[in-house]
Amino acid sequence: MANQSTGLIRIIKAAGYSAKGIRATWQNEAAFRQEVIVAILAIIIAFSLDFGTSERLLLIGSVMLVVIVEILNSAIEAVVDRIGSEYHELSGRAKDMGSAAVFLTMILALFIWGMILWSYFMH
């Protein structure tokens with residue numbers, strides 16, 4: 001029984017750390033706040049229109065992926081900024097790569113939404 005409670009306590013603590021990370025990202029990252037608002041609106045649209053389960057999962061999953069990658073990008077930026085404020089090529093590269101990951105995820109989400117909406121309205 002002790003192992004189960006230790007496991008449960010670990011899960012509860014992990015959930016607390018996750019909530020703390022989401023709060024920190026919300027408080028410190030304007031892009032994250034904007035993406036969350038867009039994601040909420042997109043989820044409302046995904047449930048408002050008559051999509052099948054697969055389409056709805058793709059629509060919601062794609063916007064949630066943008067939010068997730070933004071959190072990872074923010075974490076990269078926080079670590080780089082913690083190391084130092086002076087410019088270093090590797091620091092700049094890390095930040096640019098994180099930004100590129102967010103950008104490509106947005107392109108993917110737009111592609112998914114475009115294809116599904118096009119199919120929805122053309123049929």
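This is a predicted model: local features need pLDDT of at least 70, side-chain atom pairs count only at pLDDT 80 or more; totals for chains, interfaces and linings use all residues.

Reader: What do E89 and R93 form?
Author: They form a salt bridge. The closest N and O atoms are 3.2 Å apart.

Reader: Is E89 buried or exposed?
Author: E89 counts as exposed, because its relative accessibility is 52%. R93 is partly exposed, with a relative accessible area of 39%.

Reader: How many salt bridges does the structure hold?
Author: Two. D81 and K95 also meet through their side chains in a salt bridge, at 2.6 Å from N to O. D81 belongs to helix α3 and K95 to helix α4, so this pair ties together parts that are 14 residues apart in sequence.

Reader: And how exposed are D81 and K95? Start with D81, then K95.
Author: D81 is partly exposed, at 46% relative accessible area. K95 also counts as partly exposed, at 27% relative accessibility.

Reader: Switching topic. Which residues does UniProt list as transmembrane region?
Author: The UniProt entry, which is unreviewed, lists residues 30-51, 57-80 and 101-121.

Reader: What is the helix content of residues 57-80?
Author: That span is 100% helix and 0% strand. Its end C-alpha atoms lie 34 Å apart. Residues 101-121 are likewise 100% helix and 0% strand. There the end C-alpha atoms are 30 Å apart.

Reader: Now the interior. Why does T105 count as buried?
Author: Its relative accessibility is 9%, and buried means under 20%. T105 lies in helix α4, which runs over residues 89-122.

Reader: What is T105 in contact with, beyond its neighbours in sequence?
Author: L65, V66 and V69, once neighbours within four places are left aside.

Reader: Where is S62 found?
Author: In helix α3, residues 53-83. S62 is buried too, with a relative accessible area of 5%.

Reader: Which backbone oxygen lies 2.9 Å from a polar atom of the S62 side chain?
Author: The one of L59. Setting aside residues within four places in sequence, S62 is in contact with A109, I112 and W113.

Reader: Which residues does A46 touch?
Author: F51, R56, L59, I60 and W113, not counting residues up to four places away in sequence.

Reader: Where is A46, and is it buried or exposed?
Author: A46 is in helix α2. It counts as buried, at 0% relative accessibility.

Reader: How far apart are the C-alpha atoms of A46 and R56?
Author: They are separated by 5.8 Å. Along the chain, A46 and R56 are ten residues apart.

Reader: Last topic, the surface. Which residues form the nonpolar patch?
Author: W26, I37, I40, L41 and I44. Together they have about 490 Å² of accessible area.

Reader: Which helix gives the largest share of the patch?
Author: Helix α2, residues 30-48, with four residues. W26 lies in helix α1, residues 2-28.

Reader: And how exposed is W26?
Author: W26 is partly exposed, with a relative accessible area of 38%.

How values were computed:
Residues are numbered from 1 along each chain as its sequence is written. Side-chain values use heavy atoms; hydrogens and water are left out. UniProt positions are given in the numbering used here, feature names are shortened, and annotations may be inferred rather than shown by experiment. Helices (H or I, at least four residues) and strands (E, at least two) are DSSP runs, numbered from the N terminus. Buried means under 20% relative accessible area, exposed over 50%, partly exposed in between (1.4 Å probe, protein chains only). Contact means heavy atoms within 4.5 Å. Patches are made of residues with over 30% relative accessible area and no salt bridge: like charges are joined within 9 Å, nonpolar side chains (Val, Leu, Ile, Met, Phe, Trp, Tyr) within 5 Å. Accessible areas come from the Shrake-Rupley method with a 1.4 Å probe; for residues, only the protein chains shown count as cover. A salt bridge is a side-chain nitrogen of Lys or Arg within 4 Å of a carboxyl oxygen of Asp or Glu. A polar contact is a pair of N or O atoms within 3.5 Å; within protein, one must be able to donate a hydrogen and the other to accept it, and residues adjacent in sequence count only if both atoms are side-chain atoms.
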